[in-house]
Amino acid sequence: MGISVTGLSITPVKSTRLHEVDKIELGRSGVRDNRRFYIVDGRRHLINGKRLGELNAIVAEYTDPRLKLTFPDGTTVEDDVRLGEEVETKFFSVTDSGRLLEGPFSQALSDYAARPLELVAARSSAIDRGSLGVASLISRASLARLAQENGDHDIDWRRFRMLIEIDGVQAHEEDTWLGRATRIGGAVLMWGGNVGRCLTTSRDPETGEVDLPTLDMLRSYRGTVRSTEPLPFGVYGEVLEEGEIRVGDQVELLD
């Protein structure tokens, strides 16, 4: 059967609920409409699911030039994307710049979270690791192995907010791909490191509520694994050749 793509997930607004899609166009800066916008607090520091899990319950939809946010109570805000002033933001430990979105979005997010928030358009995409980590990948076998630490109950792969899910390898076999070029569909990627995990993964991917001790589960059998980041689960990489990836595409290790 070989190795194949079994899932793809993106969201136009970082930390909001993921959409499972049938195909993506993967460029050197990532998927064009994936994490195109991000949310900052009153100090203009990034707000993500670790700090505000309720963001998982917001459904963001973007079809250029229209952005729509749907909140858990069913209310929506929708408008054309209109870029305002350029602002300096703190993106984890990195200072970066983006453009504030004009219109109803920042106020709606602030009302929802009961704190001042602003929606910002990224210069390219709001990917945590920049161009070296525009793609991330996890295998179904790794998810199944983690599920053993949860009494073999299924674990929704969206909890880990990965771009690509694959099948056809053994548990954590993707760890051995670091430094190797891999063709997936029409794209070629180079895997550069392990994805270390944080408290975000403990949250339900639809409600944002903490409901699973994922870090304890990982620590129980991955805590001493040699890796580029602690508590590794999945890998990240850069794009060597741009191209389209579809669910069902084959995965081929090139070297």
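Helices (DSSP runs of H or I, at least four residues) and strands (runs of E, at least two) are numbered from the N terminus, and angles, from 0 to 180 degrees, are taken between the N-to-C directions of axes fitted to C-alpha atoms, for helices over the stretch in contact. The model is a predicted one, in which local features need pLDDT of at least 70 and side-chain atom pairs count only at pLDDT 80 or more, while totals for chains, interfaces and linings use all residues. Residues are numbered from 1 along each chain as its sequence is written, and side-chain values use heavy atoms, with hydrogens and water left out.

Two strands count as paired if DSSP finds at least two bridges between them. Strand β8, residues 66–70, is joined to β9 by five bridges, and T70 stands opposite T76 in β9.

Within helix α1 the reader finds S106. S106 has a relative accessible area of 15% and is therefore buried; buried means under 20%, exposed over 50%, and partly exposed in between, using a 1.4 Å probe and protein chains only. Not counting residues up to four places away in sequence, S106 touches L101, L117, E118 and L119, where contact means heavy atoms within 4.5 Å. A polar atom of the S106 side chain lies 2.9 Å from the backbone nitrogen of L119.

Attention may now turn to helix α2. In α2, residues 140–148, the buried residues are S142, L143, L146 and A147. Seen down the axis of α2, the buried residues fall within an arc of 145°, so they line one face of the helix; the arc is that of the directions from the helix axis to the C-beta atoms. These buried residues pack against β13 (135–139), β14 (164–167), α3 (214–222) and β17 (232–241).

As a whole, the protein chain has three helices and 19 strands. Of its 255 residues, 51% count as buried. Among contacts between residues at least 6 apart in sequence, 70% join residues at least 24 apart. The C-alpha atoms fill a box of roughly 50 × 40 × 35 Å, taken along the principal axes.

Definitions and conventions
Polar contact = N/O pair within 3.5 Å; in protein donor to acceptor, adjacent residues only side chain to side chain.
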